Amino acid sequence: MDFKLKIWRQKNREDKGRFVAYEVKNISPDASFLEMLDVLNTELVKKGEEPVAFDHDCREGICGSCGMVIGGRMHGPGKGSATCELRMRVFKDGDTIVVEPWRAKPFPVIKDLVVDRTALDRIMQAGGYISAKTGAVPEANAIPVPKPYAEEAMDAAACIGCGACVAACPNSSAMLFVAAKVSHLALLPQGKIERTERVLRMIEQMDEEGFGNCSNSYACEAECPKKISVTHIARLNREFLRAEVT
Amino acid sequence: MTLESKTPGGPIEKKWQTHRFNLKLVNPANKRKYTVIVVGTGLAGASAAASLGELGYNVLTFSYHESPRRAHSIAAQGGINAPKNYANDGDSVYRLFYDTVKGGDYRAREANVYRLAEVSGSIIDQCVAQGVPFARDYSGYLDNRSFGGAQVSRTFYARGQTGQQLLLGAYSALSRQIQAGTVKFFQRREMLDVVLVDGQARGIVVRDLVTGAIETYAANGVVLATGGYGNLFYLSTMAKASNATAIWRAHKKGAAFGNPCFTQIHPTCIPQSGEYQSKLTLMSESLRNDGRIWVPKKKGDTRRPESIPEEERDYYLERIYPSFGNLVPRDVASRRAKEMCDNGFGVGPTGRAVYLDFADAINRLGKHVIEERYGNLFDMYHEISAEDPYKVPMRIYPAVHYTMGGLWVDYNLMSTIPGLFVVGEANFSDHGANRLGASALMQGLADGYFILPYTIGDYLATAKFPPAKAEDPSFKQAQGEVEAMVKKLISIQGKRTAEEFYKELGRIMWEYVGMGRNKEGLQKALTMIPRLREEFWQDLKVVGSANDLNAELEKAGRVADFLELGELVAHDALHREESCGGHFREEHQTEEGEAKRNDKEFSYVAAWEFAGVGKHPILNKEPLTFEYVKPSERSYK
């Protein structure tokens, strides 16, 4: 398969950046999107040009490193997969594909398609945990957890922290990301003790980082590679309200 | 070099307890005066950094990723072992110990393995308390499943994402300490050397991957938690950035490398489909719980799997190993798959694959149960292969997955460099010649949560620390060496990319130092690798600058190290004239094609000492004695 590519190139944080057109030929339909970029990069290096920088690592959709806007969609067309899981067979031969970094104020571009997502780490540091010191814990089966709660907690905990929800949101909101963690921990008896502090601190940090608010566009859920549901945002709102009034 | 394992005496079930009591303690008020560097934020690194921070040490932690949560532990799927005996099927610490020593083909230190089994229960307690959403049954209690190499159900799991959930648990503990100010996290920094002052590890040299700045950091102790070196083979199930640079450069500074040839090939991966392929994708071994492995009985049978009738299928693992069946350990399952394909029974377009079939399990349990157990794995397979595994059997083939070898450590997890500790996959310690499924997560967290925090305290409490600052000459010198190497890589300006050299090295390693090894092939590898390395240093092409985010430069440095490590692995494989676990020497096999150990001559850890690039490494031996689990032929029939 042959493709025309329009890729965002930006030398560093200060550079204004621009789209540059490339062409790749003879790509296997079974190749992944990132493998297609590998082919392009090898050609660029051979010509003495700088390859396109992009974050990636596990290439099986779990580490959350990769993430780019492909043809206007977060992680490309299709549902429930990260950029590295996208296969070229979903495109048509000869397609023009536009590739951009996540666009959100709290995610400044470092280079080309690489953005700085440490704002998400800082939200987690603000309260995305249960304060269980190493060793100071009860036996694992001491506290049973009803299966439906454990399953729902797992649904939320599946978040890979890629930031697609933020990039997809018209308000650059990180509500789905925050909700996934708040919901995961609030559903478990172990997480109930710190629920008030947790939600208040995480929301405060989220605001401080410059993420917007939720206006129910549901774009986050539509673009989430792990199909995390907006019902967790509803739980986040309840947790927040509860914390505010107690 | 003297290898002192420091294994405590006494009965095995008392060793760790006695040792812990004998370890010197650091006064709580003094802990913050000690700085500990932890490199890597996977399960071992994140759990160690968080636990040391909780204890009150001043911790500096480094990752080449933007966030600690990106570490490759996140990709582990199947589960984590602990002998809780919740299944009431006769499990015990002793049984897990026994299974692990046997599974490792009697090439691990008994005392280490026993300790691992002993603390594994606490790991599950810890993770549950952190909010890890392990699978539960309808009573609300924890569920277990069985895994290769064991006949009890002792594996805890969180769907097919156990590694992710455990890492996020450790990451949350780490995040809490970062917030508390006990741990400082340095993102996008790659460790490029360890700094020795008077023979002690006192700091590291890193490159800031965004600005290109070469920085030095001083400490009282350094912990490497930088993972395995499976990417030496180019195609593996490892993440793309996983590399050997940190442990290799420590090796060159004097840390012995233990059993480098013990590499694990995982039996259930998605087969390679083309030259462009950048990595192989693993499908959790837990699939073998419900999936049945088979090939057609007729050679070169090209019919679609569903049109091959039951009586024309060879469920070869069930046939050869009636008692373990599809749950034989990884090395056995991998070797048999290769043998089937070598003999012409392989399936799929390349003939390098066997079937993993869920039809029986779906009929027996219903699709929803299979979906609940393996849903995300099935989706992943579907996405990659464009085939629906609920309807057609998966095609699988072995791939490099884990390295049992690593830096040699004593019972305290300290390398042969005083003050340099090595945890998780980066060390050689607990798995012998073959790791059992669901044991990597167990070891990473055991080292980080429950072993290192005690043992490093003993070192800090007893060692003398002359003042060492990042401005000292030893730091400046190490920094200068790293800067010179970076400059050299950029200045060659040859014609071939790092990727091209890397792929070629990978082909040599897989062909001659891969699943089956023999003397002739290994000798060939030992002439090919140095030649390739020479070409690398003459004809490498790195574009871009050293003062910028430059993935090509990063890769070139890692490949340079692989080109040296590959030679060591081949030397080790050549010297070990026996087959054991993941190391299969074709000259040494039983009539039935099983690995034939030579306990008389090779019951030792090969701890190699660096003698210079291209020079034959120096072999040191740590003899292994087995007081409890007597070595016998490892039979899974």
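1. Secondary structure and overall form of chain A. Chain A contains nine helices and seven strands. The model is a predicted one, and the values in this note are to be read accordingly. Along its principal axes, the C-alpha trace of chain A spans about 60 × 35 × 35 Å. Of the 246 residues in chain A, 54% count as buried. If one takes the contacts in chain A between residues at least 6 apart in sequence, 70% of them join residues at least 24 apart.

2. Confidence of the prediction. The predictor assigns the complex an ipTM of 0.98 and a pTM of 0.96. For chain B the average pLDDT is 95, and 100% of the residues score at least 70.

3. The domains of chain A. Chain A is divided into domain 1 (3-110) and domain 2 (117-245). The C-alpha centres of these two domains of chain A lie 29 Å apart. Where they meet, 18 residues of domain 1 of chain A are in contact with 17 residues of domain 2 of chain A. On the domain 1 side of this contact in chain A, eight residues are nonpolar, six are polar and four are charged.

4. The contact between the chains. Chain A contributes 64 residues to the contact and chain B contributes 61 residues. On the side of chain A that touches chain B, two or more residues come from each of helix H1 (33-46), strand S6 (109-111), helix H2 (118-127), helix H3 (147-157), helix H5 (175-186) and helix H6 (189-192) of chain A. By class, this side of chain A has 28 nonpolar, 18 polar and 18 charged residues.

5. The domains of chain B. Chain B is divided into domain 1 (31-261 + 404-462), domain 2 (265-401) and domain 3 (473-599). The centres of domain 1 and domain 3 of chain B, taken over C-alpha atoms, are separated by 24 Å.

6. How domain 1 of chain B meets domain 3. Here 36 residues of domain 1 of chain B are in contact with 37 residues of domain 3 of chain B. Strand S7 (189-197), strand S8 (200-208), strand S9 (214-218) and helix H6 (245-252) of chain B each supply at least two residues to the domain 1 side. The largest share of that side, six residues, comes from S7(B). Its residues divide into 22 nonpolar, 10 polar and four charged.

7. A five-stranded sheet in chain B. The strands of this open sheet of chain B follow the order S12-S16-S15-S13-S14, with antiparallel pairing. Strand S12 (263-269) and strand S14 (313-314) of chain B are the edge strands, each pairing on one side only. Within the sheet, strand S13 (residues 292-296) and strand S15 (residues 354-357) of chain B pair in the antiparallel sense over three bridges.

8. Strand S10 of chain B and its neighbours. S10(B) pairs in the parallel sense with strand S1 (residues 35-39) of chain B over four bridges, and B:Val36 has B:Gly221 as its bridge partner in S10(B). S10(B) is also joined by three bridges to strand S18 (residues 420-422) of chain B, and these two strands run parallel. There, the bridge partner of B:Val222 in S18(B) is B:Leu420.

9. Helix H1 of chain B. The buried residues of helix H1 (residues 12-22) of chain B are B:Lys15, B:Trp16 and B:His19. Why do the buried residues of H1(B) line one face of the helix? Seen down the axis of H1(B), they fall within an arc of 85°, so they line one face. An α-helix has 3.6 residues a turn, so residues three or four places apart point the same way. On the other side of H1(B), B:Lys14 and B:Phe21 are exposed. The cover over the buried residues of H1(B) includes helix H4 (110-130) of chain B.

Methods. Residues are numbered from 1 along each chain as its sequence is written. Chains are lettered from A and ligands numbered from 1 in the order in which they are written. This is a predicted model: local features need pLDDT of at least 70, side-chain atom pairs count only at pLDDT 80 or more; totals for chains, interfaces and linings use all residues. Two residues are in contact if their C-beta atoms, placed from the backbone, lie within 7 Å. Ala, Val, Leu, Ile, Met, Phe, Trp, Tyr, Cys and Pro count as nonpolar, Asp, Glu, Lys and Arg as charged, and the others, Gly among them, as polar. pLDDT is the predictor's confidence in each residue, from 0 to 100. Two strands pair if DSSP finds at least two bridges between them. Domain bounds come from an automatic or database domain assignment. A residue is buried if 20 or more other C-beta atoms lie within 10 Å of its own, exposed if 12 or fewer, and partly exposed in between; C-beta atoms are placed from the backbone. The arc is that of the directions from the helix axis to the C-beta atoms.
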